[in-house]
Amino acid sequence: MKTVIIYESKHHGNTKKVCDRVAAECQVELIEAGSVGADFNWEDYDLMGFASGIAYSKFYDSVSRVAEQIPAGKRTFFIYTCAKNDKDFAAKIKKVVEERGAKCLGTYGCRGFNTYGPLKLIGGMNKSNPNEDELKAAVEFVKKVEKTYEK
């Protein structure tokens, strides 16, 4: 089985940190969303992950644009980092891929260091996030999704 995570990580690299850890411990290829062109071959991958920081309660546009092209029948999962992990920020993008006939196998979200707006004046919030426990949880999440796919 071949797995890819298409991601965008801006500002503090929170999402990239999570994706790098997952790639180091799982058989996962990482591709930046902005480098996915018309020649991207969806058939090269069995399992598609989409990862993003959260801005204005949604995934970055570059990740969403790629997800909007997913062919029917693909299995997907979502990873995100955010300032306050109090809801499923993947709900909108999940709906898009499901409407295209893809299936969502799960979502993982964790906190990330944030200096947006006035938070910058006080040094930000979640300075230690994603932390080691969150990185381990992300790896376990992807391993669980891969096992679900195999069934």
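This is a predicted model: local features need pLDDT of at least 70, side-chain atom pairs count only at pLDDT 80 or more; totals for chains, interfaces and linings use all residues.
Let me begin with the cysteines: a search of the whole structure, taking a disulfide as a pair of cysteine sulfur atoms within 2.5 Å, finds 0 disulfides. Cys 19 is in none, and the nearest cysteine sulfur, which belongs to Cys 110, is 10.0 Å away. Cys 19 counts as buried because its relative accessibility is 0%, where buried means under 20% relative accessible area, exposed over 50%, and partly exposed in between, with a 1.4 Å probe and protein chains only. Cys 26, at 9% relative accessibility, also counts as buried.

Residues are numbered from 1 along each chain as its sequence is written, and side-chain values use heavy atoms, with hydrogens and water left out.

Now the overall layout. Read from the N terminus, the order of elements is β-α-β-β-β-α-β-α-β-α. Of the 151 residues in the chain, 46% are buried. If we take contact to mean heavy atoms within 4.5 Å, and consider contacts between residues at least 6 apart in sequence, then 74% of them join residues at least 24 apart.

Let me turn to the interior. In soluble globular proteins, nonpolar side chains tend to be buried together. By a nonpolar core I mean a set of buried Ala, Val, Leu, Ile, Met, Phe, Trp, Tyr and Cys residues joined through side-chain atoms within 4.5 Å. The largest such core has 25 residues, and those touching the most other members are Ile 6, Phe 40, Met 48, Phe 50, Phe 59 and Phe 78. At least two residues of this core come from each of strand 1 (3-8), strand 3, helix 2 (61-67), strand 5 and helix 3. Not counting residues up to four places away in sequence, Phe 40 touches Ile 6, Ile 31, Tyr 45 and Met 48. Another core, of 20 residues, lies apart from the largest one, and its members include Ile 5, Cys 26, Cys 110 and Val 142.

Rings of Phe, Tyr and Trp (its six-membered ring) pair if their centres lie within 6.5 Å, and planes under 30 degrees apart count as stacked, over 60 as edge-to-face and the rest as tilted. By this rule there are 8 aromatic pairs. The rings of Phe 77 and Phe 141 have centres 6.0 Å apart and planes at 70 degrees, so this pair is edge-to-face. Because Phe 77 belongs to strand 5 (residues 75-82) and Phe 141 to helix 4 (residues 132-150), the pair ties together parts that are 64 residues apart in sequence. Phe 77 and Phe 141 are both buried. Tyr 80 and Phe 89 also make an edge-to-face pair, with ring centres 5.7 Å apart and planes at 85 degrees, and both of these residues are buried. One aromatic cluster is formed by Phe 50, Phe 59, Phe 78, Tyr 80 and Phe 89.

What does the side chain of Ser 52 reach? Ser 52 is found in strand 3 (residues 47-55) and is buried, with a relative accessible area of 0%. Its side chain reaches the backbone nitrogen of Tyr 60 at 2.8 Å. Leaving aside neighbours within four places in sequence, the contacts of Ser 52 are Glu 8, Thr 15, Phe 59, Tyr 60, Val 63, Ile 79, Tyr 80 and Thr 81.

Helix 3 (residues 91-99) has Ile 93, Lys 94 and Val 97 as its buried residues. Seen down the helix axis, these fall within an arc of 105 degrees (taken from the directions from the axis to the C-beta atoms), so they line one face of the helix. The face turned away from that buried side carries the exposed residues Lys 92, Lys 95 and Glu 99. Just after helix 3, Gly 101 takes a positive phi of about 95 degrees.

Finally, the loop between strand 3 and strand 4 (58-59) holds Tyr 56, whose phi is near 55 degrees, a positive value in a residue other than glycine. Tyr 56 counts as exposed, at 66% relative accessibility. Ser 57 is in that loop between strand 3 and strand 4, with a positive phi near 65 degrees, and is partly exposed, with a relative accessible area of 32%.

Terms used. Helices (H or I, at least four residues) and strands (E, at least two) are DSSP runs, numbered from the N terminus. A polar contact is a pair of N or O atoms within 3.5 Å; within protein, one must be able to donate a hydrogen and the other to accept it, and residues adjacent in sequence count only if both atoms are side-chain atoms.
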